[in-house]
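Work through the following exercises with the sequence and the 3D structure side by side, and try each task before reading its solution.

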Amino acid sequence: MKKRIYKYIMYVPMVFVLLSCGDFLDLDPQQSLSSDEVFDTQQELENALIGAYNAYQDTDLGGLNMTIFPDLIAGNADWAGSFPTIVDVTDLVPTAQNGEVRGLWEDGYSVINAANTVISSVEALDAEAISDEDRNLLIGDAYFLKALVQFDQVRYFGRPFGSTSSTDLGVPIRNEAVFSLSDYEPRARNTVEQVYTQIINDLGEAINRLPATSADGRANSLAATAVLARVRFQQRDYTAAESLAGQIIDGGFTLNADPTEFYSSEFSGESIFELAATIQDNPGATFFTHRNLRDGDTRISSSLSDAFDDIVTPSQRAALAAGNRTFLDLRTRLTEDSDGNLGGMEHPLKFEDFVAQADNSYIIRLAEFMLMRAETLVINTNSVNAEAIDLLNQVRLRALRVFDANGDEISNAELAFSASDFSSPAELQEAIILERRIELFLEGNYWHDLTRLQRTIRGVAPGTSEADLRFIWPIPQRALDTNSLLEVNPRNEG
Amino acid sequence: MKKYLLLSFMLMFAFVYSDTWAQQRTISGKVTSVEDGSALPGVNVVLKGSTAGTVTDIDGNYSLSVPTEGGTLVFSFIGLASEEVEIGSRSVVDIQMTADVKQLSEVVVVGFGTQSKRNLTSSIVSVGSEDIQNVSVQGFEQAIQGRMAGVNITGASGTLGASQAIRVRGVSSINASNQPLFVVDGIPMTNDDTNLGGAALGGPGTNPLINLNPNDIESIEVLKDAASAAIYGSRGTNGVILITTKRGKAGKTNIGVNYYAGFSDPTTDFDLLSGPEYQRLKNYGNFQRFGNDYFDPVEDDSFQNTQDAPNADHIDAITRTAFVHEASLSATGGNEKTKFYAGATYRDEEGYVLTTRLKRYSGRINIDHALSDKVKLEFGINPSRTENQRQSEDNNIASPYTIGALARPDIPLLDDDGTPTTSNLFGSSPLADVLARTRLLTTTQVLSNINLDWEVFPGLNLRSEFGIEYTSITERQRLLPDASVEAAPGGSAFANFADALNYNWNGLALYYFELDEHSFEITAGANIQVAETAQFDVTGDTFASEELKTLESAANITAGGGIGTEYRFVGFLGRVNYNYGGKYLFSVSGRYDGSSRFGEDNRFGFFPAVSGGWILSDEAFLSDLGGVDLLKVRASYGLTGNAEIGNFASRGLVTFGRDYNAIPGFEITQISNPNLTWEETAQLDVAVEFGFLGRIRGSVGWFNKTTTELLLNVPYDLEVGINTTTAGSTSTLLQNAGELRNRGFELELSADIIKGNDFQWTASLNAATINNEVLSLVDTDGDGEGNEILGNTTIIREGDPIRAFYVVPYAGVDPENGDALFLDESGEATDVFNTANRRVMGDAFPDVFGGLTNTFNYKGIDLTAFIQYSVGQEQYYDDGRFIATQLAAGFGGNRSQLGAWTPLNTNTNIPEARSASNGNQRSSRYLQDASYARLKTLTLGYTLPKKLTKNVSVRVYAQGQNVFTITSDDYEGLDPESSTNDDDSAVGGLTFFSRPQSRTFTFGVNVNF
């Protein structure tokens, strides 16, 4: 009797196996879903779009690099950290193996493809499956992200926009969604001009489709207009830029009373767009911008520190001194020194949330466009334009404070500019350019400004082969390894 | 009438039926051993030609009824020479039995059974418990290092519980794991160090098998060739390691008590600049970089009075001489029906890095019980627990050993208030950091198996083997504000829990029969395995006090998550072992194996193997020749597979958790490949086994393993825009797309050099060569040649070994100006790194590796010395890019940097110090010959004379581990065995502040009674 029981015990599992062999080995992953099942409904596509935003928040893109690199490259900031890749970027010698260089390329294309998958999948939805409004929202957001990535890619990997852009090489444009390798075909680099055209086209889609207001951290038509303004500005199409900047100014934003307020709050009145970071969900970028107990990786350069001194003209200084008055540029409080004293001009404080790392990045805000409009007015009218001076003053005076001999705050009107302060349009433009440099430090601006103005950067003249070597990033080696259609940049060859 | 008829029938029947009915006598006697006269229990005593028989009892006595006249008794026992004795007219037959030279060593454990070593046609090496127990190592892998030809075990790190990379006959995979399959008492272990190894701390990771107590192990067999491993089907390519635990024996209960204690230090240490040396060299470099403009002696950037600079030895501050001790108890015993083994061990070992410590508690009971004379039950249970206090290691800025070398030596260890300074590196200092972090990994494991063996009739056994492995880890970390890069008030904390439940069932039928000279052993069966893993973790920060330890007190919970995963295997197996006259051997096996890991279209695979052997020494022409104990040739060929990839590698997947602003998002993270299939290896193995003069034994063999359908992460264009989540490579698709080959020779030789009465000396040597070559890789860029897969310092390409070191050649220093020089492809020297070209300059495969053991016995004294060697491999000293840079950055450095080029010291290989990059790029400057020979174990023991200790055997001993190491002249690293890479990875050979192994000295006592 016992023996029979043993026999049965032995064979039960065997029977089980034989009966259900195939199904027995059919398992599904618990953290993932199959990729051919998740691009079918509106809800799913919203999740896919969020994935694209998340990808854009990578430190290689909007999460960090695109915000701080322009200042490191152009000398507004120094890099005191140990990451050799960023050291090389700051020293203008990144190699084709550099991780940050590869990140802009590879992670950038991830965002672009995620956006493309959303666009093509939403377009494939029937009219009943999704309302027009939601359809436009998804597609508009996707185009917005595509444009952001391409705009940065073309500025880092291609020559600055100019007279040779129809032949200068940019980056490959990708407009097809790739779900599996059979959807993909390799492509060579498009020209800088073609890329700009594509960017402008994508922003146009975004502007047409998106409403004027949106949820925090998401694009809207005004944010897309702002980016378009930046693009036109970069192209030195000052006519278009003037009008676009005007649209932003009329867009219902207001300057915060204190320039530091923007960084200690989120989505304030001045904010046009910010990439939202939370305690649980952030790219960990504050590690690099904060003083973080190892004395800070990102430092204010002495050049920027000196520039702050020029914000008040010598004659204004003399007038202040004569009256025993002092001034303070509140924007210096966005820096501190190693002992923690505000205004110390050593360590930046714009991205200070080291504990929670919840600082937002990739900032687009009103002050930039006020200055943009001011500058374009001067250029377009070739005069000491009154509206320009007014805009300049608005930005300037909200940052400057004047104190009397007792230290009490008084009106700062004396620091306002008037037409008589400028003997030529060029002088006014210089004042605006200086204001931009101070206002927008470590916000992804300075290098692009200098390039636009075709100025010498760190001793290298624009338009020279030296400039090509220094300021155009190499094509990542990994990209060259698999796509033989890609042509190299001067930096690839040493 | 009927009654009488019946009775007479009964009588006749009884008479005929039992020839012992009427004329019987009882024979009794005692069986003892000829060696020392001790009683031999369990010996079979059978009346030849009948079924009458018995077994000797605990005292060696037996008693058997035999016919009054004639009869021959046959005495047999495994390992002893059978004896046949005519009874004659005696009533007492005593006998002494001797060891059977032919059967000596062994029955070898093979997959799903055992086989006598003599009849083996496949390549299996074996290590017994005497080499494994009572050696002061944390895990069994360290005890078997270097003892088996062709099995290369490298200790990746000196961290307690660090994973060990085991490579059986080379490296057969690039992307799948290269670790062999571990089978403990029939249960294939999960060995999942991703989920069960605790959080990654920057180094090679911990070893989930650390819970296995070496003292419980009876033997370890490594199945090296296809014939032995094919029975494990899709998991046999990297070799199979069979671990068998001890079981009881009938007889008097034996109790063993063992204890040892000792201390350990690292085998080597850094040689770092002192504070004054650092400042002087830094001054020089700063002057070179900034010249007179910046180098103002009054500024803080330059150092004044360098000879008075503080001198802090950070490595010394964070290391210590560590204490280890282990106590274990075991008991074996039983009778004919029930046998047991019980063992318990407690181990407490400090690591030489401050605060690190590993404790293990382990208990095991194995019981064999005969439920009836046909059915046997085998039961085993082994609960264990290890508590591992860890610190970060290698490539992690929180690793004390790493930042101990990087920290500036001119900043004192302590602040004025006597507490460790926090102003050295990353907001802390090595000493402050190591004291501000606690990280405890607790691994609890229960292994249990229950087997039934039913002898249906003699020759046919049915077995059901059911085994469970349950492993769970709990990990807690607490960082206090003094820790580097820790800014949250009160610090932060992290907790992680994971567990794996792995159950395995084998159903086997074993049939053995003989037909004249032909004997057949047939095995057939099925195997099912299911393994489920679950994990979750939480991170939080902002504590009101440093004394609060758990996450309950964290004001902010900043992260959390958890995963679950599962895999299953199903296999059907069969094997036939045949021999003719014990001289001509043949074996064939096959396994049809399937797994949930592979795509629907390719789920199952068939893995056959065939092998044969010829025992020449049994042939007349040789057996007449004296001195030849054994001469055997064998060959095998078969297919095995490698299934160690992710559980869902063939699917197109999107992964969630790609959230933005608290809204869930996903991204495509894996492109589908429905054709994904096994990596398949075909292996040919030929060998000659020999034994001469009763003193010399060994084997010489050659193997050739060709792996096809190599799983490669084939890169696709970055512009595809799908970032796969495979660790270490993005934008790649896993495809079966390549071929590689391992081939080599293996030699095992052992000799009883001196076999005197008082003095014996035996030596054994094993050596193996590995020739690894990538045969073909997929060609995706259309240039007519296979793709090259480039790593930072390595390359995988056709014609070279896997991950050959592919770096820019370093050409020394320009004596004119101190520039570092490199070579371009034409061999021209250049000082511009970007114009130099990389080339293959070595690899991490040894040319020859193995071990040499010498054992001496003189009266009661025993001395064993075991040397492990490995010659011809290179190692990339990646630490050098940070500490052998002539102080290019702000970190500390090696003292060797004092030999940097200066106008007065132009004949040197170290470039000028410039506080900027000058020769610190990845070049062959940091590629070193890592050949070594290491005296791994040296043991001197003394067994007290029996006269003194009577029935108790007492042995005292002293033992050293990693006693000393010889490395090549140009070796600058710390430990030629170490590697910062995971134990699964294709090749190690790169260090990044990897901790060197410990040198340990222990003293111990074994008592057996």
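**Exercise 1. Follow a run of paired strands in chain B.**
Task: find which residue is the bridge partner of R347(B) in β20(B), and then trace the pairing of the neighbouring strands.

Solution. Begin at R347(B), whose bridge partner in β20(B) is R360(B). This belongs to the pairing of β19(B) with strand β20 (residues 357-370) of chain B, which is antiparallel and extends over 13 bridges. Strands here are DSSP runs of E with at least two residues, helices are runs of H or I with at least four residues, and both are numbered from the N terminus; two strands pair if DSSP finds at least two bridges between them. The hairpin of β19(B) and β20(B) has six residues between the strands, and among them T355(B) takes a positive phi near 75 degrees.

Strand β18 (residues 322-334) and strand β19 (residues 338-350) of chain B run antiparallel and are joined by eleven bridges, and a hairpin of three residues connects β18(B) to β19(B).

Before going on, note how the model is to be read. It is a predicted model, in which local features need pLDDT of at least 70 and side-chain atom pairs count only at pLDDT 80 or more, whereas totals for chains, interfaces and linings use all residues. Residues are numbered from 1 along each chain as its sequence is written, while chains are lettered from A and ligands numbered from 1 in the order in which they are written.

**Exercise 2. Describe where the two chains meet.**
Task: determine how many residues of each chain take part in the contact, and which strands form the open sheet that includes β1(A).

Solution. First, the contact takes 67 residues from chain B and 68 residues from chain A, where two residues are in contact if their C-beta atoms, placed from the backbone, lie within 7 Å. On the side of chain B that touches chain A, the largest share, nine residues, comes from β26(B). By class, this side has 32 nonpolar, 24 polar and eleven charged residues; Ala, Val, Leu, Ile, Met, Phe, Trp, Tyr, Cys and Pro count as nonpolar, Asp, Glu, Lys and Arg as charged, and the others, Gly among them, as polar.

Second, look at the strands: three of them form an open sheet in the order β1(A)-β30(B)-β31(B), with antiparallel pairing. The edge strands are β1 of chain A and β31 of chain B, each of which pairs on one side only. Strand β1 (residues 32-34) of chain A pairs with β30(B) over three bridges; L33(A) stands opposite V654(B), and S34(A) has L653(B) as its bridge partner.

Third, consult the predictor's scores, which are an ipTM of 0.86 and a pTM of 0.74 for the complex.

**Exercise 3. Examine a helix pair in chain A.**
Task: find at what angle α9(A) and α14(A) pack.

Solution. Helix α9 (residues 238-249) and helix α14 (residues 366-381) of chain A pack at about 145 degrees, with their axes 8 Å apart; the axes are lines fitted to C-alpha atoms over the stretch in contact, and angles run from 0 to 180 degrees between N-to-C directions. The contact includes Y238(A) and I249(A) of α9(A), and F369(A) and N380(A) of α14(A). By class, it has ten nonpolar, four polar and two charged residues.

**Exercise 4. Judge the confidence in chain B.**
Task: locate where in chain B pLDDT stays under 50.

Solution. Over residues 12-21 of chain B, however, pLDDT stays under 50, and the model has six contacts beyond four places in sequence for them.

Note on methods:
pLDDT = per-residue confidence, 0-100.
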